Protein chains: 2
Amino acid sequence: MKKETLHIVKIGGNVINNEEALTSFLKDFSELEGFKILVHGGGNRATEIASEMGLKPKMIQGRRVTDETNLEVVTMVYAGLLNKNITAQLQQNNCNALGLSGADANCMLAHKRIVKDIDYGFAGDIDAVNSEIINVFLQNNITPVFCAITHDKKGQLLNTNADTIASEIAIAMSELFHVQLNYVFELKGVLETIEDENSVIKDINLDKYEQLIEQRIISNGMIPKLHNCFNALKKGVQKVKIGDASLIKSTNKLYTTLTI
Amino acid sequence: MKKETLHIVKIGGNVINNEEALTSFLKDFSELEGFKILVHGGGNRATEIASEMGLKPKMIQGRRVTDETNLEVVTMVYAGLLNKNITAQLQQNNCNALGLSGADANCMLAHKRIVKDIDYGFAGDIDAVNSEIINVFLQNNITPVFCAITHDKKGQLLNTNADTIASEIAIAMSELFHVQLNYVFELKGVLETIEDENSVIKDINLDKYEQLIEQRIISNGMIPKLHNCFNALKKGVQKVKIGDASLIKSTNKLYTTLTI
């Protein structure tokens, strides 16, 4: 049986931090036809709220650590403020959104990251995505909207990387659907020359990816993002696209497509 | 066809504010067999967080008003912090909880309260409960967990009374189920004598209710609560019980049962 297409779109801080950009993106997302899932990162609202509460970000060796108080803040901001406002806006656009954390209906199970060199605190690494229940939602005309909070089924919520959430959901859902994974970020795609915002490399396959790393065209921040993408492609995801907020508009032609 | 039983349980501040009481209640709730829904109020965590953020509660004529900043705080605390922690704890107990606001899957539609004498700000009055989608969740072995946030389908979230949410959900679900509505509060039931915590009036019907108001045995705070209950009973809910956190334990015999 031919699988139906499922679009999974991940948005990050650059869309979430700008009210106008978010509203415009959510309008485009609502118009996307067929099965779809949204995954959103946190943006800087959590840092702002933490600062209003007199909290300072906890850093160890330049890495942000999720201590108990910070976990409270990200749970409030990601799963509460952002997730419910995004859901309400999508509902306004007649997109039947359902806001979810990993704890809800046990959608995503994770474990607290094992301490090696650095103790990241309440950071979660995903063990399992519940594709069965996500499919129940989709088949009932629901659009799941995931925030970056998971749980360990021992009562502990965990702060989890939204890029990884998107790729893990994409991998799990690829058993049931023809999955297209879309990463919306601050650039129009993977750039040939960082100074030229239009120098988008339109197609990257695994060979080209390794070549670009060797040539140092793909730099530090981009490597884990692309690593996530190729991991998803290797595990069954059909296609990955990376670009700015116009990525999901049918009129947009400038973005990077990844394939293996 | 004989309808199956659905238990709807509403908990308020007295359970939520006490970590031990909450954990113990959630254990009992998890053990409740069959279809069930949890509705939770806010407790005092929202006031604490607001105060940590340097915000003062806005009061007009002794009534709390939900302004824009307060709405942000209650959305964070009710839909984020409390709802997800309750959900994660229920998951730990193998109760397949799904945390929901009214915006999620358009479960509860409300409108901003009409300004008459007092402008309550972003307070919502419920117009519709989506019994169809709630039933889809229940039939898929999911236990919905509602926080006291609704939406107007115009993108606006609204702070909504949790007692009313519980009774409106109970009324809507009574078309499909034999509904038992349970209100957990700080007392063992409706009391004959406020000084004697064990002077629980075991059964109240509509006649007795009017009689108790006349005799001033039921006082100010209790009247809207019981009004909600009788409204639910008149509109199809089978039975309403009021009592303390042990209400849902099969061993507990001391509570008030309302019927019409």
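I am working on a predicted model, in which local features need pLDDT of at least 70 and side-chain atom pairs count only at pLDDT 80 or more, while totals for chains, interfaces and linings use all residues. I keep to residues numbered from 1 along each chain as its sequence is written, with chains lettered from A and ligands numbered from 1 in the order in which they are written.

I then looked up burial, and found that buried residues make up 50% of the 260 residues in chain A, where buried stands for 20 or more other C-beta atoms within 10 Å of the residue's own, with C-beta atoms placed from the backbone.

For the secondary structure I took DSSP runs numbered from the N terminus, helices being H or I of at least four residues and strands E of at least two, and noted eight helices and 14 strands in chain A.

Next I traced the open sheet of eight strands in chain A, which has mixed pairing and the order E5-E8-E2-E1-E11-E13-E14-E12; I count strands as paired if DSSP finds at least two bridges between them. I find strand E5 (97-100) and strand E12 (203-204) of chain A at the edges, each pairing on one side only. Within this sheet I followed strand E1 (residues 5-11) of chain A, which runs parallel to strand E11 (residues 178-184) of chain A over seven bridges, and in E11(A) I located A:Leu181 as the bridge partner of A:Ile8.

I also checked helix H6 (residues 162-173) of chain A, which lies across E1, strand E2 (35-40), strand E8 (143-146) and E11 of chain A and runs at about 175° to E1(A); the axes are lines fitted to C-alpha atoms, for helices over the stretch in contact, with angles from 0 to 180 degrees between N-to-C directions.

Turning to the interface, I found 36 residues of chain B in contact with 35 residues of chain A. On the chain B side, H4(B) gives the most, with 14 residues, and I sorted that side into 14 nonpolar, 16 polar and six charged residues, with Ala, Val, Leu, Ile, Met, Phe, Trp, Tyr, Cys and Pro as nonpolar, Asp, Glu, Lys and Arg as charged, and the others, Gly among them, as polar.

Technical notes. Contact = placed C-beta atoms within 7 Å. Buried ≥ 20, exposed ≤ 12 C-beta atoms within 10 Å, placed from the backbone.
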